Amino acid sequence: MNQYLLPCQGALIVPNRVSRIELSQSIRRHKTFCVGKLLLALLLVGGIAGNCQGQDPSESSEEALAVYADAANFQNNGAFDLAIAEWKKFLKTHGKDPLASKAAHYLGISQMRKEEPDYMAASAAFQQALAAKDFELVEEALSNRGWCLFAAGQNDQANQAKRFAEALAVFDELLKKFPKTTFADQALFYSGEAAYASGKPADAVKYYQRLIGLPKGKDSPLYCDAIYAKGVALEDQQLWKEALAAYAGLVDGCADSDLLHEVQIRQADINVRLEQYKAAAPLFRKVADSKARLSDYALFRLAFCAVQLQDPGSAAKAYDELITNYPDSQFASAALIAAGQSYYRAGKFDEAAAKFQAVLKLDDAVAATEAAHWLATIAAKNNKTDEVIAISRAAIAKGLDGFFAASVKMDLADALSKTPATSEEAIELYVAIAKESAGKPVAARALYNAGFTALQNRDLASAGKFADQFMAEYSKDPLVPDVLYVAAESQLQTGKSKEAAETYARLLQLAADHPSRSLWILRGATASFLAEDYAAVVDRLSKAMGELKAPEQQAEAEFMIGSSYYKLDKKDDASKMLEKSRQTSSQWNQAADVLVTLGRVQLDSGKPDLAQKSWTQVITEAPTSGAAFQARYRLALLLSGKEDFDGAKKYYDEILAAENQGALKPYALYGSGWCQMKKEKYEEALVQLDQVLKEFKDHPVAKDAQLARGICLRKLGRDDQARSAFEDLLRRGPQGLELGHALYELALLEVGDKQPAKASVYLKRLVGEVPQYPDLDKVLYELAWAMRDQGDEAEAIRHFGQLVSKFPKTTLAAEASYHVGQQQFDAGNFQQAAGAFSTAAEHTTDPALLEKAYYKLGWSGFQMKNYDGAKRSFEKQLKAAPDGPLKVDAMVMIAESMFKEGQFAQALEAYKQARTIVLAEGKGASSSDPAAQQLRELVFLHGGQSAQQLKKWDEALQWFDQMRDRFPSTAYLPQVFYETGYCYQQLKQYPKALQYYGQVAANYRDEVAARARFMMGEIHFSQRELTKAIPEFQRVMFGFGGEKAPPEIKNWQAKSAFEAGRCGELLIQSTTGEKRTNAIQIAQGFYNYIAEKHPQHELVAKASERSGVLDRL
């Protein structure tokens, strides 16, 4: 009898899952388990098979036993491919043999054990074995099949979920059929593995826990692995405390496990995640001290804990230990950088630099880039700009890589921005960084730096462009406040004061705690001041005063508030605030300017002596400052006004002697010359006046200098030699241009002498005899004016028209178009007038004419009831001439246009702006132009009426009160009284309403008075004071001229009669007997009055209806 033994050929090599520590390494160890022993005793005696594990070999044929024995021998000797072939042969030729189920089982084992296992084929073989009745190796086959399905799932991503599910089902079958199976630990462990790999860590934990809880679980070779796997699965569920508990169990129960260090790493990493750095550090130290695998990682993480514990020295020590003990570690370069950072944080810059320099020597571009950034940072901290540039350029030349690539470029750009000579290169680099790193924080910072550098370079257009780009792309970035500052400053410094004020207001809303907030408050106020929004300056700075801690800032705020009060014509408030500014701080850089402004306030307040004292104080305190020269100029004007010309000239000459007062020089020259002239020193005056005309011929003061020069020449008795010279030329018979020049100059002289008739003779001759004269446009212009001066308006307009037709692109054509437009406007041809005014506005270069052209264009549209077009024209006027003489008129007409369109809210705001300026003109101020005066009065009347339309009765009253106070003699006074009464009526303050209505009704006899009397009746009617109401209505019916009243009053007579009738009807309700009969007759009389006296009125039908009702009573 021969016997063949197959030892533990079913042992499995089971690959484990990849662990998930922060290193992203595979540190779970591979585990093996033995699926059982295959023991076969095959007896070959006389060709009869012996028993095999309870089987009777006599039931198998000799041929079957021979194949079986060969297959077993092949398998026992590791020839698994041969064994597989023989097992398949056996199953094919002896499929009904009693040993067939075992043959299938061992076929599965061979499929598992061959060099390239075929787990699905093995699973199928085990399934075939399990299908047989009375199969003896069911437990082992189930265990092996479950494992095969699990292993197949690991290798087949497409069918992974299916295989894991099948494996779980097989293990579950094993555990249910054989609760006490010796394979329970393996079935539970790999069920957990399958569940975990299927993304079900919670289910996995349950399987692992069942294994751990087996009666003999601790004896299982998979016990420690199960605890470890449980901890990993708990980590995946972020159950950190539970995971820590699981790992603690492994440490306590598996002290000799080769998983111990990994578990300690995991425990430490969880504590790091929970920010328990003190608990994590000792664990990392244990692993580091073990010198085992992961010791380098442990040191790396230990250093990280030290950093988090604000212990840069210990961090640096740990990094150094890693670098020294594990120079080839994947963490070496990172440790060098981190060590450098730790030394940097500890203030040991030389040691930090040494570490970063060491990184540069490594073959690691990413690490070298970061090291270059830190080296540049250290150099910048030491104010070594050239070194920063050298380090950054070298790194860029070598090649940048990784996260810090943009940072190195930023280091270079920041260093370049510090020097004017290289700031343009810095801006270009910032722009490139922003483009390369679009969408990233570094791009936002690069754009901001580009804008800020451009602002420093006074490239305001670029600064604004970069700020706009930033806000479009990074509106949520923390740098938004700083970028808005750049935007606001670029606007402010380019004259866009209003926009700058709005930007600063937005900025201050966003930057409640920004360290530059105080500066921004003051700059925002400056913008509002330059935008002439003085009320806003006062309001905002008064509210923000508590935020300004430095005395200099408080003094500056008080200076701006005082200056704004001055602009608002609140001189007392201005004086108090300016004096307060000086008390707060007299040492800040504009303290002298405060005194200059205070002097102006004092002078305008009628206190010239105080003004003189203030300006003299400026000169004493800061004699060479710009404010001191302003003070000298003010003092000169003051003394000149007092006819102290010697004193005035002294200050003018001090200005002229200074080298840095070029802006004041033309004024000082003119002033000095004026003083000489007033002292009758005409020759000396001419010297200085000629110097003004020579050096500052385009300066505004040149016109005054020219006038003064003419006066001096006249005083000196010098005749106009030019006149005789040109007359002499004419007598010699010149031709062409010579003739033209002579005629033109003579005409100008006659114009100057106010001899338009003589001037027109010369000009007509020039047009006729020299038609190609180069300045013919000017000739036609002067001719038109000469004809106008003679009262021949038709000829004047004809010549203006010729000018426009022949020379449409000249500046004079613009003025001529204006005159044509004015003539059409006066004739009521508003459409034609609008065309002419539009042409004038389009072609003129004269700011004054441009203002007037837009103004009249707006009026033309207004007269045509094109209120929106009118408003646009007036707005263009204000934009073109924001401080022109017609500014108030335009503002009023903008409001009037809105008012006409029923845009009362917008109109009210526009009237408010106009009111501010009108009030600033001073109480009692009036315009010599009746139309301008009327517009100013309409500001208050229509402003109040706009407030009425918005039911803002109290505000409307303020408008009307201001109008009465400002314009006590206005023709609109009855309307103002009426509107005031109407507001009080709406506020149910009837006594006051009656008072104001009464003033109109008693003192005037126009339509407003009739309406006021009617409203008095209405008030009494509303209060059921019928005996008072009816007489008021009767005063309207029979007063104001009675039947001879004009149509607009007759309207109120009819309405009064109807209301009186309604009063009568109420009397009917409250009376009886004869009184009731009389009341009916009275009421009917009122209703009949309407039909008889006002048969065309709209109330006739209603009155007749009510009379008919009364007939039936």
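Tutor: Leave aside the neighbours within four places in sequence, and Val888 is in contact with Ile917, Val918, Glu921 and Arg936. This is a predicted model, so read every value here as computed from it. Val888 sits in helix 45, which covers residues 887-900. Its relative accessible area is 5%, so Val888 is buried; the cut-off for that word is under 20%. Take one of the contacts, Ile917. In sequence, Val888 and Ile917 are 29 residues apart. In space, their C-alpha atoms are 7.0 Å apart.

Next, a serine. Ser640 belongs to helix 31, residues 626-641. Its relative accessibility is 14%, so Ser640 too counts as buried. Which residues does Ser640 touch, not counting those up to four places away in sequence? They are Phe645, Ala648 and Trp674.

Now two residues in loops. Asp134 lies in the loop between helix 4 (119-130) and helix 5 (138-155). Phi of Asp134 is near 60°, which is a positive value in a residue other than glycine. Is Asp134 buried or exposed? With 72% relative accessibility, Asp134 counts as exposed. Asn383 is placed in the loop between helix 17 (365-381) and helix 18 (385-398). Phi is positive there as well: for Asn383, a residue other than glycine, the value is near 60°. Asn383 has 68% relative accessibility and therefore counts as exposed.

Two packed helices are described by the angle between their axes and the distance between the axes. The axes of helix 18 and helix 19 (residues 405-416) come within 9 Å. They cross at roughly 145°. The crossing of helix 18 and helix 19 is left-handed. On the helix 18 side, the residues in contact are Thr385, Val388, Ile389, Ser392, Arg393, Ala395 and Ile396. Helix 19 meets them with Val408, Lys409, Asp411, Leu412, Ala415 and Leu416. By class, this contact of helix 18 with helix 19 has eight nonpolar, two polar and three charged residues.

Helix 49 (residues 973-986) and helix 51 (residues 1007-1022) have axes that come within 10 Å. The axes cross at roughly 20°. That makes helix 49 roughly parallel to helix 51, because angles under 35 degrees count as such. The crossing of helix 49 and helix 51 is left-handed. Helix 49 brings Pro974, Gln975, Tyr978, Tyr982 and Gln985 to the contact. Helix 51 brings Val1008, Arg1011, Ala1012, Met1015 and Ile1019. The contact of helix 49 with helix 51 divides into seven nonpolar, two polar and one charged residues.

Methods: Residues are numbered from 1 along each chain as its sequence is written. This is a predicted model: local features need pLDDT of at least 70, side-chain atom pairs count only at pLDDT 80 or more; totals for chains, interfaces and linings use all residues. Side-chain values use heavy atoms; hydrogens and water are left out. Axes are lines fitted to C-alpha atoms, for helices over the stretch in contact, and angles run from 0 to 180 degrees between N-to-C directions. Helices (H or I, at least four residues) and strands (E, at least two) are DSSP runs, numbered from the N terminus. Angles under 35 degrees count as roughly parallel, over 145 as roughly antiparallel, 65 to 115 as roughly perpendicular and the rest as oblique. A crossing is left-handed if the near helix is turned anticlockwise from the far one by less than a right angle, and right-handed if clockwise. Contact means heavy atoms within 4.5 Å. Ala, Val, Leu, Ile, Met, Phe, Trp, Tyr, Cys and Pro count as nonpolar, Asp, Glu, Lys and Arg as charged, and the others, Gly among them, as polar. Buried means under 20% relative accessible area, exposed over 50%, partly exposed in between (1.4 Å probe, protein chains only).
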